[in-house]
Amino acid sequence: MDWKDTLNLPRTDFPMKANLSEREPIFLKFWEEERVYEQILLKNKDKPLFVLHDGPPYANGHIHLGTALNKILKDIIIKSKSMTGFRAPFIPGWDCHGLPIELNVEKELKVKRGELPPLAIREACRKYAERFINIQREEFKRLGVFGAWQNPYLTMSPDYEATIAREFLRFLESKQAFKRKKPVFWCPTCVTALAEAEVEYEPHTSPSIYVKFPLTDETKAILSRELSIPLEDRKVSILIWTTTPWTIPANLALAFNPEFTYLLVDLQGELLILAEGRLSVLCAELNLNLPTILAKFSPIFLDRHHARHPLYDRKSLIVLADFVTLDTGTGVVHIAPGHGEDDYLVGLKYGLEVYTPVNVEGRFYPEIPLVGGMPLKEANERILEELNLRGLLLHKDRLSHSYPHCWRCKEPVIFRAEDQWFISMEEGALRSKALEALTKVSFIPAWGRNRIQSMVERRPDWCISRQRVWGVPIVAFKCKACGEVLRDFKYYEKTIEIFEKEGCDSWFVKPPEDLLPPGAMCSSCGGNSFEKERDILDVWFDSGVSFAGVLEKNPELNFPADLYLEGSDQHRGWFQSSLLCSVGTRHIPPYKTILTHGFVVDGKGRKMSKSLGNVIHPQDLIKKYGAEILRLWVSAEDYRNDIKISQEILDRLVESYRKIRNTCRFLLGNLYDFSPEEDLIPFEKLPPFERFILHALSQSLKKIKKAYEDYEFHLVSYEIHRFCTVELSSLFIDINRDYLYCEAPDSFKRRSSQTVLYYALDSLVRFMAPILSFTAEEIWQNLPYPKVAKSVFLTDFPEYNFNLPEEEAERWSKILRVREEFLKALEIARKDLKMIGSSLEAEVYFEAPPDWRDLLRDKAFWEYFLMVANFEERPLDKKQIIHHSEEIEGLRISVKATHFAKCERCWQRRPEVGTLAAKDLCERCFEVVKGRL
């Protein structure tokens, strides 16, 4: 008889080979056809609400690993919350307006800015955004992300555009929004203003020059009198340093710090003024000896006097300012109010013009002497030539430093004044209210609080205007007669109604009288003729008001959201713009918790870039490995730091996944004849080992559940993998495989083992579902017993509490500890001494210290637990000992090959084999099969 036919061998259709890239689309189709996302919400309709508000990705290009990471993290949270008793809707969104789309459309259409009517560009931009929304939607769905994909929020939809306009008007009406000529980051390449969040600091090489500003005769006389030094026949100059020679034509002033001591020095026959704290650095840079110091003085008496401009026949006002430092330069700062924030502020104080000789494309206006019509780089060279010719260039060099660049075109930006719209950080105490609001927000990780707080503390007024057409217009009417802006919302109700129906295209074509209500009148002068604002709003405002356009408008959601989750760059981006928009109009933050993840880097920690050749596309990984390995990667890495990915990491993840999958396949295969309703054995009636494994399962599930609650997903994936490989594979399955295969099908021992497998599988399949969504669903569909729901996602995390008394748990801890020592001895006998092929061929003898003897007394248990032929305590000859335990003092172990014959059915070596009616069976196997003989 073939004894194999009498064994209870595993049976399952769940394949060992995953073929994820081929099988995953089957489950995507299943989830869509069964409307699983909608069914989850229906199942949880009466549960507490949890809202994770999706920060909208930009509708431009395919998704990359960073956006995949972000959406998978959100999906893990939504699914885990849904399975822990929350109603957790997920409304995805897209940021649709903005410069990158407009630039790409101009490139596709082969036109330059302003060559086509606004509506033509806007229509092309809308189609471009729609195309990539559809592409990205399918790419996100391919990752296994659940959500309201057929009803997302789009910042270009008419209702959302109306919301954007309405939220701007709240700021306008409260006078927190204002228009002023003020320097802001300006990209000459993209021809628009930039917000601080749209600027990246990159290495750049600039000129480094020291320039002399000669004193006027009047100022020289004052200096001579104050210092008691005759200066009438000497040239005296104030020395400044700059890395932007092109700003010198815009110079209107020179700033001294009233707290510093300044020097009048004789440097090779030239009299120069600079700060005492910078003299030695200057001499080192010029490779000169320290000059003669003629005088030390406080600069206060020079306030509001003048030097001569080095290029033009005009004066440069001497001013006092505390922002001047001794970190670089000479302790005197040249002031161009049209090209710097500090310059602008000190200019306001002293009544200086906000002078900007540079146009929107980064060229000097034609009428500017010396440099008219020149781009800035060319102007730099011309200015240096002229300064040198006039003898006013003391020194020139090149400096490599961090310099602001446009985040889109990657080109250097400038500070440039233009009439712009701002949201004031001080009007209505927005800054202080925002900082106060942040104290009520939780941050994961905790350092996020300091990061965003420091940014809010030092940020300037928010420049919200952009000089483009693809966006929501700044909805403001200005009186033609006096220039006053209409601020009362009643003047804009008609416009908002039009936007809600048609979108905001109408602003670009309709005259003001078609957008204003009848009888509109300027409250300042009574005028009735108005003009429209032509700029559009910063896209950070678009997404910043998503709380109003999504959370407040959607009855499925609530405001504020429970969670905002984005990359760490959003502390200066969406997290901050959302905070300012919400606090500025609602006086509370839009979120209760902010969770931040790092950036995706390669295995060496380098940022991914085409130049390094280390870019990995998620689409390629999905094709090769399936989305499941991407999901496992997201969960396995600690997202609070930068997240590494490499071939080595992927190989490790594939191996980890294989172990989890094969463990679950074993569980499935050994439950083919198990009915939970009929065969489940109560915990208290199970044998001790089975009770211990369920106790370990229960402890593991508590860790997993807490890790989900704390958003510690790397601990979830670690614990799932650990339990599969340790308690299950290398302990319970290894030991109880014999019971499962060889005992009578409905025996107590086998049903006890199956009870453990059932609880383990039921727990694992549900707890892995938020992370390994495809695999969990595949397992669920292959369950050999009736399912409680169509999909694993229509279930909750199980609440299993299998707790052992403390004394029994400690006893098992000791059992496992001493087991490790016996396993070491068996491995020495197998691997080093070649005495045995497997533990089934071994007889184990030992000497144990007194306090361990009671634990080792049960011979039958230890033969089963170690899977050996014989286990016995007896005095050992020193030559017999192959392992002296270092962990348990006094434990000595000997191993020898058994002479017992092998049972051909279970392969165990037993003394009775050969003595029974079936000569090649052990007693247990004979009893199981004798009815078939």
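This briefing describes salt bridges in the structure above. The structure is a predicted model, in which local features need pLDDT of at least 70 and side-chain atom pairs count only at pLDDT 80 or more, while totals for chains, interfaces and linings use all residues. Residues are numbered from 1 along each chain as its sequence is written, and side-chain values use heavy atoms, with hydrogens and water left out. With a salt bridge taken as a side-chain nitrogen of Lys or Arg within 4 Å of a carboxyl oxygen of Asp or Glu, the count comes to 65.

- Arg142 and Glu24 form a salt bridge whose closest N and O atoms are 2.8 Å apart.
- This pair joins helix α5 (residues 118–142), which holds Arg142, to helix α1 (residues 20–33), which holds Glu24, across 118 residues; helices are DSSP runs of H or I with at least four residues, numbered from the N terminus.
- Lys43 forms a salt bridge with Asp796, again with 2.8 Å between the closest N and O atoms.
- Here Lys43 lies in helix α2 (residues 36–43) and Asp796 in the loop between α26 (773–781) and α27 (806–832), 753 residues apart.

**Accessibility of these partners**

- Arg142 counts as buried at 16% relative accessibility, and Glu24 is likewise buried at 1%, where buried means under 20% relative accessible area, exposed over 50% and partly exposed in between (1.4 Å probe, protein chains only).
- Lys43 is partly exposed at 30%, as is Asp796 at 27%.

**A further pair and a network**

- Arg640 and Asp638 meet through their side chains in a salt bridge of 2.9 Å, N to O; Arg640 is partly exposed at 26%, and Asp638 is partly exposed at 22%.
- Salt bridges with shared partners join Arg122, Glu123, Arg126, Glu161 and Asp505 into one network.

Key
Helices (H or I, at least four residues) and strands (E, at least two) are DSSP runs, numbered from the N terminus.
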